[in-house]
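Please keep the sequence and the model in view while reading.

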Amino acid sequence: MNGENFEAGERLVNAAYVRQGAQGRRAHELRLRTLLEQGKCPEDGWDESTIELFLHELAIMDSNNFLGNCGVGEREGRVASGLVARRHYRLIHGIGRSGDISAVQPKAAGSSLLNKLTNSIVLDIIRLAGVRTVSSCFVVPMATGMSLTLCFLTLRHKRPGARYIIWPRIDQKSCFKSMITAGFEPVVIENVLEGDELRTDLVAVETKIQDLGADNILCVHSTTSCFAPRVPDRLEELAEICMKHDIPHIVNNAYGVQSSKCMHLIQQGARRGRIDAFVQSLDKNFMVPVGGAVIAGFSDTFVQEISKMYPGRASASPSLDVLITLLSLGTSGYQQLLKERKEMFSYLSSELKKLVEAYNERLLETPHNPISLAMSLKKLDEQSGTAVTQLGSMLFTRQVSGARVVPLGSLQTVSGYAFRGFMSHTNSYHCAYLNAASAIGMSKQDVDVFLKRLDKCLKTLVKGKNRGKDTPIPNEEEIVSEMEKCNTNAAEGDAKS
């Protein structure tokens, strides 16, 4: 509806009413104009009607939605199902062109605008989260592992003689396979044990560079977010080593955007040394469906080179999902989620510590890990050789997801490489343990229910009731009852405070 249409409407409806409606419309349009002019995430989240208006406005800018459009090519935005078309807000053409995922499509101005705006808004959020000097980023419709592969393939053109990637060990398959898929040989640097923490062996990294020769090394592949007792790599020192030897540095920041500590490490690494790119998951940091990542860096040129390495056009779904989410939240809403995550980490830590001490176990001391916690299962492991893995099964059947038990001595082969002590990030950790993480979106109710179910499982195993038996699955009434009790307790606690 433009000015002429509103004037025409005054012939049908009282002019005062139409003008009032026009003012309401202009309030929505003012938000859209501010977004287009600034390219930043709004401070306050938008209501769904404004977001849907914006998406519909973008959609009608794409050629497949032109009235009377005649498409005679093989890719004309044709969709057989109306349900599928509505699911994507009729933004069918995707993003990018065959030569560059960030390029503008002539026949899809709306989708191209969506792509550019999403990248700009995500860049704003990354700066807000702590990496203030990041210069460029783009959303890619691949999860973290394949996005890391894209970075390595881009570096291949810069260092054609390189064969190796130096990788401080973290027992997570996708980041390891990302190097194999790109055609490089991972050089695994075992971690060093400091107290309970597993930390980067900087001396081993330096030694390996000297042994292999800097020109033969594609990059150092480091990690921020990880499962305790592994802690984020010593990013600042690694960045300095990379600068000293003129070796690229790629950071796996999978779920680090939600952690101010992880983001600070990246910022400081870039300030003191060299970080070429850092990769983060969309679903783990922004609570959207799986399937997207953000590749960011401190050089516009290098980030653009990575985007040009992506072959062909790409799905717009991850970009659309994160755009809708961030417009809904606004910067204030996202910052509130980050604040709540920190609070839940402290709460989970204190309450889990109380619980484990009741079973003569302990919360492992991992102060450098801002997201993940680990509790020892030493006594349980001594009691029975199968009790540790059984605990994991019991928690899973009681609908506790995300917690993982790590027994001693696991052997796992990944892409032909054998890892002893797999999942513990080292060949031989000093005890079996259980992981739990405080990730963005976690609630106090999640923590309370988890602790209650963990307590029940531990009691059962300590008494020996479940040894060697199948784990009974709780029925729906038992689960609902537990949730209601936790809600009641939480409400009573809020009332007292």
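This is a predicted model: local features need pLDDT of at least 70, side-chain atom pairs count only at pLDDT 80 or more; totals for chains, interfaces and linings use all residues.

Residues are numbered from 1 along each chain as its sequence is written, and side-chain values use heavy atoms, without hydrogens and water.

**Strand S10**
- Strand S10 covers residues 372-376; strands are DSSP runs (E, at least two residues) and helices are DSSP runs (H or I, at least four), numbered from the N terminus.
- Because 5 of its 5 residues are buried, S10 is largely enclosed by the rest of the structure; buried means under 20% relative accessible area, exposed over 50%, and partly exposed in between (1.4 Å probe, protein chains only).
- Ser372, Ala374 and Ser376 point one way from S10, whereas Leu373 and Met375 point the other way.
- In a regular strand the side chains alternate between the two faces of the sheet.

**Nonpolar cores**
- The largest nonpolar core contains 45 residues, and Phe54, Ile126 and Leu326 have the most contacts inside it.
- Such a core is a set of buried Ala, Val, Leu, Ile, Met, Phe, Trp, Tyr and Cys residues joined through side-chain atoms within 4.5 Å.
- A second, separate core of 36 residues includes Leu148, Phe152, Cys175 and Val414.

**Exposed loop residue**
- Leu12 lies in the loop between helix H1 (3-9) and helix H2 (15-38).
- Leu12 counts as exposed because its relative accessibility is 76%.
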